[in-house]
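Load the model in a viewer and keep the selection panel open.

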Amino acid sequence: MRHQRVRVKVPASTANLGPGFDSLGMALEIYAWIEMGFAEKTQIELFGDNLEGVALDKSNLIYEVAQMVFAEAGEHHPELYIGMYSEIPLTRGLGSSASAIVGALSAANALIGGKLSADRLFQLASQLEKHPDNVGASLFGGIVVAFWDGARAEHIRLEPHLDMEVLVAIPSFQLSTEKARHVLPQSVALPEAVYNLSHSSLLVASFATGNLAMIRHAMQDRLHQPHRAALIPGMTEILDRAVEHGALGAALSGAGPTMLALLDARGGRRDELEAFLRNTFVKHQIEVDTRLLRPCLTGVQVLPAEQGDCSLLELAKGELAV
Ligand code: HSE
């Protein structure tokens with residue numbers, strides 16, 4: 001069914017989950033909302049605090065991505081209304097740009113009656129973002145195991161364990177993915193490669209079988225985290241000691257600087273773990289915001305928006321209050 005206006009709700013994502021560099025992602029219950037409709041003249045409205053620097057003209061990423069969808073579907077809709085509200089902090093390793101891309105693809109596709117398949121949206125999103133673990137998680141929800149080889153992306157989605165929670169510690173400073181990739185070596189020795197593929201495989205198997213006790217052994221990385229440690233004061237201590245404070249395992253979230261710790265909701269150690277994450281950053285004079293989240297199971301959701309509905313902001317705030 002075609003729509004004049006739609007709204008989408010897109011989850012944030014955490015990429016890598018330690019050893020699964022560029023290949024393992026999980027959707028998280030923090031969201032961005034995008035409203036999109038056909039218009040006489042393009043208008044872009046941004047709400048909230050997490051969208052500084054976002055373009056308000058036709059160079060806007062969401063506008064450009066929507067035009068790609070229309071072009072691929074053989075349609076022409078140069079004038080659009082776009083509204084966006086986001087709870088996802090920018091450049092902190094929580095997939096804000098992947099969420100924007102997935103939201104734009106899904107909203108534009110919903111406007112034209114879903115002409116493109118979910119797989120096609122995943123291919124486009126992976127080409128644009130280059131990180132199939134981020135875009136796959138935002139599109140499909142849950143845990144996503146994926147590759148993108150430059151031509152094609154493939155994925156399998158896993159259901160997260162129902163008792164698994166995620167504590168994120170979001171430092172106040174920003175770190176661009178570009179900068180965090182720049183510190184990585186272009187080649188690795190065979191032992192490092194073997195270390196990562198064995199740990200990443202074991203981590204996938206732990207998630208797939210619900211073996212939470214194995215996560216502490218599996219969630220270890222030698223490919224990217226050691227090289228990024230100098231950019232994130234406190235990171236090494238968190239990786240080394242989070243398990244002592246009740247975590248199932250800990251990792252840098254995506255390219256950072258957010259740190260992520262998985263925990264078992266039944267363990268009763270949330271407060272201890274949160275205090276450990278917070279105090280470790282504070283010791284390095286870094287302000288930090290900690291949030292206890294659940295994995296998001298649904299992926300992007302399309303909600304038709306009819307005239308007279310509440311505003312995008314009211315919708316988002318209403319859901320946050322629930
Ligand atoms: N997998 C990417 C990286 C994350 O670690 O550089 C991009 O969000």
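**Stop 1: the ligand and its polar contacts**

Select Arg-228: an N or O atom in its side chain is 2.8 Å from an oxygen atom of the ligand. Taken alone the ligand exposes 260 Å², and the protein buries 96% of that (accessible areas by the Shrake-Rupley method with a 1.4 Å probe). The model is predicted: local features need pLDDT of at least 70 and side-chain atom pairs pLDDT 80 or more, while totals for chains, interfaces and linings use all residues. Residues are numbered from 1 along each chain as its sequence is written, and side-chain values use heavy atoms, with hydrogens and water left out.

Next, pick Arg-181, which has a polar side-chain atom 2.6 Å from an oxygen atom of the ligand. Then pick Asn-134, where a side-chain N or O atom is 2.8 Å from a ligand oxygen atom. A polar contact here is a pair of N or O atoms within 3.5 Å.

**Stop 2: the shell**

Show the residues around the ligand (a heavy atom within 4 Å); among them are Asn-16, Phe-21, Asp-22, His-131 and Thr-177. By class, the shell has 2 nonpolar, 5 polar and 3 charged residues, with Gly counted as polar.

**Stop 3: the domains**

Colour domain 1 (5-158 + 297-321) and domain 2 (164-293) separately; the bounds come from an automatic or database domain assignment. Each domain supplies at least three residues to the shell around the ligand. The C-alpha centres of domain 1 and domain 2 lie 25 Å apart. To finish, select the interface: 26 residues of domain 1 are in contact with 40 residues of domain 2 (heavy atoms within 4.5 Å).

Definitions and conventions
A polar contact is a pair of N or O atoms within 3.5 Å; within protein, one must be able to donate a hydrogen and the other to accept it, and residues adjacent in sequence count only if both atoms are side-chain atoms.
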